[in-house]
Amino acid sequence: MEKIIIFDTTLRDGEQAPHASLTSFQKMEVAIQLEKLGVDIIEAGFPVASPGDFEAVNEISKRVKKSAVCGLARCIPLDITLAAKAVKPAKHPRVHIFLATSKIHLQYKFKKAEEEVFGIAKAAIRLARKHCADIEFSPEDATRSERGFIYRMVEMAISEGAATINIPDTVGYSYPQEIHSLITDIRNNVSNINKAVIAIHCHDDLGLSTANSLSAVLAGARQVHCTINGIGERAGNASLEEVVMAMKTRKDVFGNFYTNINTKEIYRTSRLVSKLTNFVVPPNKAIVGKNAFAHESGIHQDAILKKRITYEIMNPHDVGIADSQLILGKHSGRHAFRDRLKALGVILNEKQLNKAFLRFKEVADKKKDIFDDDLRIIVEDEVRTSKPVWVLDGFEINSGTRIKPLAQVVLVKAGKKIFGASSGDGPVDACFKAIDKITGYKVKLEDFRLEAVTSGKDALGQVNLKLKVKGSVISGRGASTDIIEAAVKAYIDAANKLGNK
Ligand code: KIV
Ligand code: ZN
């Protein structure tokens with residue numbers, strides 16, 4: 001098996017995404033998580049860019065122990081010495097230097113000839129090697145550069161001591177077959193290429209960055225540059241989660257390769273980067289988008305419930321997502337509807353299910369998202385027309401600052417009054433315990449929410465609660481101007497769902 005080195009540039013190229021800048025403290029938070037994720041190299045910043053970036057790279061270099069820490073530099077002595085100084089405390093320091101090699105950049109950006117640029121790169125790599133043992137060199141805009149010039153540059157960079165040669169598709173212009181032949185040609189035409197690791201750095205301007213990175217791996221690249229959530233300059237960089245999960249999922253193609261990434265940390269890392277950069281992950285983003293493991297169509301939901309692999313090529317647990325979701329909407333079928341109700345602790349017979357399902361379809365035609373509360377109301381409205389088992393006759397509580405609350409509750413079942421009394425930690429708790437004594441159910445209060453549904457002193461309070469019983473969760477709702485009565489009603493409402501089972 002061959003290792004694919006994961007070079008994460010979220011904190012450098014990712015941070016170059018417009019409006020994504022991070023404070024030193026936030027960069028440290030991301031770096032710690034990247035190390036936990038298992039990235040081999042963290043490109044922590046561009047030290048010459050600002051004193052803050054120097055400090056961030058330097059602090060990360062002091063703190064991170066497992067991943068190598070890299071600083072970016074142009075082929076300018078100050079850039080190189082600052083980058084080397086910033087990463088010096090790292091256990092594995094690396095300096096990454098770059099210089100454009102395409103005619104477009106030489107002519108319009110530098111106004112310099114190839115030979116001059118060649119000389120600048122050579123001097124820079126030589127200087128960098130004096131300050132840092134591990135040097136990576138990138139001929140920027142490689143995919144739009146003349147092949148012959150890249151071969152010469154790469155050969156020179158390796159002989160000057162660069163251990164990694166990165167091939168950037170700087171403007172996301174290339175496509176998979178072209179990247180494959182570029183890497184193959186470099187391997188065949190650079191005499192000392194076996195002394196270096198070939199890396200790939202793809203941008204996503206045409207939406208091809210992941211495909212291009214994978215193609216480079218198949219052609220012989222052994223290091224991939226990527227960012228979390230694919231953030232980066234303009235349309236972004238190849239996303240780490242996509243590259244890593246593609247190789248993990250397509251074992252038939254990438255079975256000879258492995259990465260160090262602990263994929264179960266992917267989702268957590270994605271959330272952290274999204275939160276700190278304020279970059280919302282699009283819902284349809286591969287691997288980490290909200291919909292990546294969500295199914296709405298009835299046909300898909302039915303098949304997923306029968307066998308996951310019908311419509312899921314990855315297990316959500318593998319990327320740290322708790323479970324896939326069956327989203328209820330107008331395309332959903334009866335199977336998913338029943339399944340969701342079951343998860344809510346509502347078990348219906350066939351007749352009740354048919355009735356509720358028809359109502360659900362009507363609601364779904366008008367409402368985009370059907371939440372659990374909508375389902376509860378549908379079921380309550382349509383199905384629970386049968387008489388409740390337990391009806392509240394009345395209750396009394398004795399409570400105050402100096403006495404332990406005591407509740408007495410009377411419920412009616414089949415015309416018969418049943419009395420229960422209990423003390424409790426508070427008046428509500430005492431009432432609940434008294435009700436438990438009457439019903440005999442062994443339940444655990446999982447959730448209790450009180451909200452005012454109207455305003456003013458005589459506001460109507462509504463209690464929504466959840467009771468756990470034998471692995472199912474039953475919800476109950478009650479409203480009253482007396483909040484204890486609202487709680488008692490909600491508790492009895494839930495108990496009645498058990499009584500109906
Ligand atoms: O896209 C690019 O070319 C870069 C270089 C600095 C490697 O980010
Ligand atoms: Zn880039």
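Author: A residue counts as buried when its relative accessible area is under 20%. The structure discussed here is a predicted model.

Reader: What makes helix 8 mostly covered?

Author: Helix 8 spans residues 209-219, and nine of its eleven residues are buried. Those nine therefore each fall under the 20% cut-off. They are Ser209, Thr210, Asn212, Ser213, Leu214, Ser215, Ala216, Val217 and Ala219. Just after helix 8, Gly220 takes a positive phi of about 125°.

Reader: Why is Arg144 called partly exposed?

Author: The relative accessible area of Arg144 is 28%. Buried would require a value under 20%, and exposed a value over 50%. Arg144 is therefore partly exposed, because 28% lies in between. This residue, Arg144, sits in the loop between strand 6 and helix 6 (147-159). Arg144 and Asp169 are 25 residues apart in sequence, and their C-alpha atoms are 8.0 Å apart in space.

Reader: Why is Gly255 also described as partly exposed?

Author: Gly255 has a relative accessible area of 27%. Gly255 is found in the loop between helix 10 (251-254) and strand 10 (257-258). Its C-alpha atom is separated by 19 Å from that of Ala199, 56 residues away along the chain.

Reader: How do you know which residues are around ligand 1?

Author: A residue is placed there if one of its heavy atoms lies within 4 Å of the ligand. The residues around ligand 1 are Arg12, Asp13, His96, Phe98, Ser138, Glu140, Asn166, Pro168, Thr170, His201 and His203. Strand 5 (93-100), strand 6 (135-140) and strand 7 (164-169) each contribute at least two residues to this shell. By class, the shell has two nonpolar, six polar and three charged residues.

Reader: What makes a space a cavity, and how many cavities of 30 Å³ or more does the structure hold?

Author: In a cavity, a 1.4 Å probe fits but cannot get out. The structure holds two cavities of 30 Å³ or more. The second largest cavity contains about 30 Å³ of space. Its lining consists of Ile435, Asp436, Thr439, Tyr441, Val443, Leu467, Tyr491, Ala495 and Leu498. Helix 16 (427-439) and helix 17 (483-499) each give two or more residues to that lining. The lining of this second largest cavity divides into seven nonpolar, one polar and one charged residue.

Reader: What is known of the largest pocket, and which residues are closest to its centre?

Author: The largest pocket holds about 620 Å³ of space. Among its 24 lining residues, Gln325, Leu326, Ile327, Leu328 and Arg340 are the closest to the centre. Helix 13 supplies the largest share of the lining, five residues. By class, the lining of the largest pocket comprises eleven nonpolar, four polar and nine charged residues.

How values were computed
Residues numbered from 1 in each chain as written. Chains lettered and ligands numbered in written order. Predicted model: local features only at pLDDT ≥ 70, side-chain atom pairs only at ≥ 80, totals over all residues. Heavy atoms only, no water. 1 Å grid on protein atoms, 1.4 Å probe; cavity = no way out; pocket = protein on both sides within 12 Å on 5 of 7 lines; lining within 4 Å. Points joined across faces, edges and corners; volume = space filled by probe spheres on them. Helix = DSSP H or I, 4+ residues; strand = E, 2+ residues; numbered from the N terminus. Nonpolar A, V, L, I, M, F, W, Y, C, P; charged D, E, K, R; others polar. Buried < 20%, exposed > 50% of the residue type's maximum accessible area, 1.4 Å probe, protein only.
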